[in-house]
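Come and read along with me.

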Amino acid sequence: MKNNDDDISIVSIFGKSLLSIKYGEEDNEYDKFFDMHNDTTYVRTFFKENESFLENEVWKNIPNIESATRQVIKEAEELEIFLEELALNSENNEIPDLDSHFKYLDGEFKNVYEYTPVKSYGPGRPSLLRLYAIKLAPNKYVITGGGIKLGDKIQTSPGIKDFVLKDIRRVRKYLIDNFS
């Protein structure tokens, strides 16, 4: 359904600091991310389909699919609570805030200063979850999507490689065309 920029809107998740992209009648990307990663069946199926990635040295502390599934569910629960706390702090000019949490993306976006793409890690170490956003202003972010990151970069991670960068580019273009 993501084919027409007329179908893009921005919705508030928490006040004016944490927003999300919404495509047409679909749920917004923030809610979709947390619904998906709190769904045991979805997460377990994802790991069954991508089990070979868990053999990577970085995931050595995750012995099996069940452990990986539990970690993602826990990370999703904790990340959602943490982001709401950071958004509240951002609204009240307190630290830690959203700016202290989101990290800039490298690669093609390394020197982008308008509508800057950023990422959020889940609380696990190492974290399996990534939530991607665009920084609109200090402590003001719009979520563009996310998923489980198993590869060393977005382009090698099943589940996110086919949409994360494409969605970031699309949302940046939408923001530039409509708000610059």
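**The sheet.** I started with the strands of this predicted model. I found six of them in an open sheet, and I wrote down their order as β1-β2-β6-β5-β4-β3. The pairing is mixed. A reminder to myself: strands of a sheet pair through backbone hydrogen bonds, either parallel or antiparallel. Which strands sit at the edges? I noted β1 (8-14) and β3 (103-104), each of which pairs on one side only.

Next I looked up β2 (residues 18-23) and β6 (residues 140-148), which run parallel and are joined by three bridges. Here I found Leu18 standing opposite Tyr141 of β6.

**A helix on the sheet.** Which strands does α1 touch? I saw that α1 (residues 29-37) packs on the sheet and touches β1, β2, β5 (129-137) and β6. I also noted that the direction of α1 makes about 30 degrees with that of β6.

**Helix α3.** I turned to α3 (residues 65-91), which has 27 residues. From first C-alpha to last, α3 reaches 39 Å, close to the 39 Å expected at 1.5 Å a residue. What caps the N-terminal end of α3? I found Asn64 there, with a side-chain oxygen 3.2 Å from the backbone nitrogen of Glu66. After the helix I came to Asn93, whose phi is positive, near 55 degrees.

**Two helices together.** Two packed helices are described by the angle between their axes and the distance between the axes. For α2 (residues 40-49) and α3, I wrote down an angle of about 135 degrees and axes 9 Å apart. The two helices are therefore oblique to each other. Their crossing is right-handed. On the α2 side, the contact is made by Thr40, Val43, Arg44, Phe47 and Lys48. On the α3 side, I listed Ile65, Glu66, Ala68, Thr69, Val72 and Ile73.

**Two loops.** Where is Pro96? I found Pro96 in the loop between α3 and α4 (98-101). The peptide bond from Ile95 to Pro96 is cis, with omega near 5 degrees. My last stop was Tyr115, in the loop between β3 and β4 (116-121). Tyr115 is not a glycine, yet I noted a positive phi of about 50 degrees for it.

Definitions and conventions: Residues are numbered from 1 along each chain as its sequence is written. This is a predicted model: local features need pLDDT of at least 70, side-chain atom pairs count only at pLDDT 80 or more; totals for chains, interfaces and linings use all residues. Side-chain values use heavy atoms; hydrogens and water are left out. Two strands pair if DSSP finds at least two bridges between them. Helices (H or I, at least four residues) and strands (E, at least two) are DSSP runs, numbered from the N terminus. Contact means heavy atoms within 4.5 Å. Axes are lines fitted to C-alpha atoms, for helices over the stretch in contact, and angles run from 0 to 180 degrees between N-to-C directions. The expected span of a helix is 1.5 Å times one less than its number of residues. A polar contact is a pair of N or O atoms within 3.5 Å; within protein, one must be able to donate a hydrogen and the other to accept it, and residues adjacent in sequence count only if both atoms are side-chain atoms. Angles under 35 degrees count as roughly parallel, over 145 as roughly antiparallel, 65 to 115 as roughly perpendicular and the rest as oblique. A crossing is left-handed if the near helix is turned anticlockwise from the far one by less than a right angle, and right-handed if clockwise.
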